[in-house]
Amino acid sequence: MEQNRHPGALSDITVIDLTRVLSGPFATMWLGEMGANIIKVEIPNGGDEARKNPPFKDGGDLSTFFVTVNRNKRSITLNLKSEEGKALLRELVKKADVVVENFRPDVMDRLGLGYEDLRQINDRLIYCSISGFGSFGPYTRRPAYDVISQAMGGIMSVTGEEGGDSLKVGASLGDITGGMNAVIGILAALHARTITGKGQRVETALVDSIIAVQQAENNRFFVTGNTTPRTGNRYPANCPYGTYHAKDGVFMIGVGKDELFVKLCEQVLGMPDVPKDERFCCIAQRTIHYREICELLEGWAKDYTVDEVVDKLLAAGVPAGPILSIADISKDPHFAGARNMFPTMDQPGLGEFTVTAMPIKFSETETYVHRPAPMLGQHNEEVYAELAGLTAEQLAQLKHNGTI
């Protein structure tokens, strides 16, 4: 653990992490990055199934996918199907602030470890559930992965080229936004506890999370009755607002208001009369005549490189940027340098390992990687002694009978 660092914002919070794969581990990883004491509970044989997920580094057997979202945690093993295992979890819960799980709804209830069960042990407990469709409603028992959340949450219906098939977002947006929303809910519940003295249940669903990020698209439908069409990189509610071609590639421009369009035409394109044309005088008209706008903009940009185009646009105060890959971002002086979005940690079995940082910066309670991802059951002895008061002999017996 790094020394001489300020304590994290959540350094007094203990989290029992029953999650696996991505949405839940991502949420608890963020809580850990903010200083929370994360105790990852895994099944004795095999642990989190993400431990088997590629990519692997240098032919090793340590999943870098697992390592990335399970830093800042301690791992214990526990068989929640055994009575001894259930009893042991209840002991841990007595001293915990938060429990997070992402099983299908009712799994924890059937084990006798749901919110109503655990609140009897600790009425200050925040119990967070992450699932595909939530714990109530007609679809609650359906299985869901990220791709299902993107398909049924609406975002695939608006993503893709004009006239083409629907496309999923490249990143695991349902899992990640579901995990983010879990963090937001947990933090709000922890604050509410300072007022009421009581815990509560927090729930987030992957599909709900996808629906919620589409504020503009949903608004369009409820106001006009029209769904948002697939338009590729062109934004149907504004223009020019999307990707355009330069001499050596593609750049992105975001002219979000009429004043910026005037700047673009006067200071960059050298066409001061264009904004006076009724076809281009306002956002509504420009979105209708977007093809003509494209001809004007690309007719100018064809003589310049992407970097030159972006420099000229930014010099005039017009929002623009190149299309960057992670290979580009990883070397960028702003993101990788000043913003420190790719810190490294010393990971046993991998050596120095690069991870992606939280995008939230604090002035007093910084976030940082203070613990590498754990080996399966690595912290059984210290955690069970710390929270349940178990002796080495008791732990040996629990291991012998398969409880841990």
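Proline 44 lies in the loop that runs between β2 (37-42) and α2 (64-69). The model described here is predicted. In this model, proline 44 is partly exposed, because its relative accessible area is 21% and the label "buried" is kept for values under 20%. Neighbours within four places in sequence were set aside when the contacts of proline 44 were listed. The residues in contact with proline 44 are then Thr77, Leu78, Asn79, Leu376, Gly402, Thr403 and Ile404.

Asparagine 401 is partly exposed, because its relative accessible area of 35% falls between the limits of 20% and 50%. Asparagine 218 is 183 residues away from asparagine 401 along the chain. The C-alpha atoms of these two asparagines are separated by 54 Å.

The next element is a sheet. Three strands form an open sheet, in the order β7-β8-β9. The pairing is antiparallel. Strands of a sheet pair through backbone hydrogen bonds, in either a parallel or an antiparallel sense. The edges are held by β7 (241-245) and β9 (320-322). Each edge strand has a single partner, so one side of each has no neighbour in the sheet. From one strand to the next, the twist averages 25 degrees. Strand β8 (residues 250-254) pairs with β9 over three bridges. Methionine 252 has glycine 321, in β9, as its bridge partner.

A pair of helices comes next. Two packed helices are described by the angle between their axes and by the distance between those axes. Helix α10 (residues 258-269) packs with helix α12 (residues 290-301) at an angle of about 30 degrees. Their axes are 12 Å apart. The crossing of α10 and α12 is left-handed. On the α10 side, the contact is made by Phe261, Leu264, Val268 and Leu269. On the α12 side, Ile293, Leu297 and Trp300 make the contact. By class, the contact has seven nonpolar residues. It has no polar and no charged residues.

Methods:
Residues are numbered from 1 along each chain as its sequence is written. This is a predicted model: local features need pLDDT of at least 70, side-chain atom pairs count only at pLDDT 80 or more; totals for chains, interfaces and linings use all residues. Side-chain values use heavy atoms; hydrogens and water are left out. Axes are lines fitted to C-alpha atoms, for helices over the stretch in contact, and angles run from 0 to 180 degrees between N-to-C directions. Helices (H or I, at least four residues) and strands (E, at least two) are DSSP runs, numbered from the N terminus. A crossing is left-handed if the near helix is turned anticlockwise from the far one by less than a right angle, and right-handed if clockwise. Contact means heavy atoms within 4.5 Å. Ala, Val, Leu, Ile, Met, Phe, Trp, Tyr, Cys and Pro count as nonpolar, Asp, Glu, Lys and Arg as charged, and the others, Gly among them, as polar. Buried means under 20% relative accessible area, exposed over 50%, partly exposed in between (1.4 Å probe, protein chains only). Two strands pair if DSSP finds at least two bridges between them.
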